[in-house]
Amino acid sequence: VQGYWNYMDRVKQYGDAFTDGDKLALRDAESGELPNLCLLKARLLYDGGYFAQADSTLNRLDCGLTTERDKTEFPYRRGRISHALNDIDAALSWYEKTIETGGRQPYYFASNAALQIGAIYESLGDYSLAEDYYRQCLQMPGKEYKTSLNQKAKAGLNSLKDKNTTK
């Protein structure tokens with residue numbers, strides 16, 4: 001735990017707040033809160049491409065979901081992992097749960113879940129549902145990664161315009 005705080009001190013001392021990721025790291029460093037270790041482990045395994053191990057971590061451990069953030073992040077992580085494992089039905093279900101749990105919260109999980117659902121439906125050729133979810137992403141309140149999520153949702157909508165004109 002002390003190592004975590006040492007790195008968080010470095011973020012505050014040397015970091016900047018130019019990108020959305022930088023802003024989130026600075027906010028986390030300044031919060032003084034220790035992240036949920038179960039969710040952090042699953043996130044790091046996922047980010048490293050260890051999808052099955054990330055899934056196993058969430059299945060095996062009691063994640064102690066005590067905060068609203070944790071309760072929203074858990075289904076989001078399950079959705080991302082299911083998506084990466086190409087279990088699309090499970091991914092859609094977990095993403096929907098993320099939106100239900102966190103759609104009015106400032107965290108990025110629900111916004112990105114809506115974006116991911118939009119991308120799934122776009123890939124399946126259901127452009128109407130894809131558009132609904134891209135718009136839902138744009139309409140969610142003050143989220144982390146707001147700039148990049150909005151850019152991706154707008155790009156998704158533009159992609160749909162191109163597909164609708166080539167029909």
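The lining of the largest pocket comprises 13 nonpolar, four polar and eleven charged residues, where Ala, Val, Leu, Ile, Met, Phe, Trp, Tyr, Cys and Pro count as nonpolar, Asp, Glu, Lys and Arg as charged, and the others, Gly among them, as polar. The model is predicted, so local features need pLDDT of at least 70 and side-chain atom pairs count only at pLDDT 80 or more, whereas totals for chains, interfaces and linings use all residues. Residues are numbered from 1 along each chain as its sequence is written, and side-chain values use heavy atoms, with hydrogens and water left out.

## Pockets

The largest pocket has a volume of about 690 Å³, and of the 28 residues that line this pocket, the closest to its centre are Tyr4, Asp28, Glu33, Pro35 and Arg69. The elements that give two or more residues to this lining are helix 1 (2-14), helix 2, helix 3 (37-47) and helix 5; helices are DSSP runs of H or I with at least four residues, numbered from the N terminus. A pocket is defined on a 1 Å grid over the protein atoms alone, as an open set of points where a 1.4 Å probe fits, with protein on both sides within 12 Å along at least five of seven lines, and lining residues have an atom within 4 Å of a point. Grid points are joined across faces, edges and corners, and the volume is the space filled by probe spheres set on the points.

The second largest pocket has a volume of about 210 Å³, and of the 14 residues that line this pocket, Tyr76, Arg80, Tyr108, Asn112 and Lys152 are the closest to its centre. Its lining receives at least two residues from each of helix 3, helix 5, helix 7 (109-123) and helix 9, and by class it has six nonpolar, three polar and five charged residues.

## Salt bridges

Eight salt bridges are found in a search of the whole structure, each defined as a side-chain nitrogen of Lys or Arg within 4 Å of a carboxyl oxygen of Asp or Glu. The table gives three of them.

| Salt bridge | N to O distance |
|---|---|
| Glu144 and Arg27 | 3.8 Å |
| Arg78 and Asp55 | 3.2 Å |
| Arg135 and Glu131 | 3.0 Å |

In the salt bridge between Glu144 and Arg27, Glu144 lies in the loop between helix 8 (127-139) and helix 9 (146-165) and Arg27 in helix 2 (residues 20-31), so the pair ties together parts that are 117 residues apart in sequence. Glu144 is buried, at a relative accessible area of 4%, while Arg27 is partly exposed at 42%; buried means under 20% relative accessible area, exposed over 50%, and partly exposed in between, computed with a 1.4 Å probe on protein chains only.

For the salt bridge between Arg78 and Asp55, the partners lie in helix 5 (residues 68-84) and helix 4 (residues 51-60) respectively, so the pair ties together parts that are 23 residues apart in sequence. Both Arg78 and Asp55 are buried.

Arg135 and Glu131 are four residues apart in helix 8, and are therefore separated by about one helical turn. Arg135 is partly exposed at 40% relative accessibility, and Glu131 is partly exposed at 29%. Salt bridges that share partners also join Arg27, Arg69 and Glu144 into one network.

## Aromatic pairs

The count of aromatic pairs comes to nine, where rings of Phe, Tyr and Trp (its six-membered ring) pair if their centres lie within 6.5 Å, and planes under 30 degrees apart count as stacked, over 60 as edge-to-face and the rest as tilted. Tyr4 and Trp5 form an edge-to-face pair, with 4.9 Å centre to centre and 75° between the planes; Tyr4 is partly exposed at 22% relative accessibility, and Trp5 is partly exposed at 23%.

Phe74 and Trp94 also form an edge-to-face pair, at 6.1 Å centre to centre with 80° between the planes. Phe74 lies in helix 5 and Trp94 in helix 6 (residues 88-102), so the pair ties together parts that are 20 residues apart in sequence. Phe74 counts as buried at 15% relative accessibility, whereas Trp94 is partly exposed at 23%. One aromatic cluster is formed by Tyr76, Tyr107, Tyr108, Phe109 and Tyr145.

## Backbone with positive phi

Tyr145 has a phi near 60°, a positive value in a residue other than glycine; Tyr145 is placed in the loop between helix 8 and helix 9 and is partly exposed at 22% relative accessibility. Asn86, in the loop between helix 5 and helix 6, likewise has a positive phi, near 65°, and is exposed, with a relative accessible area of 61%.
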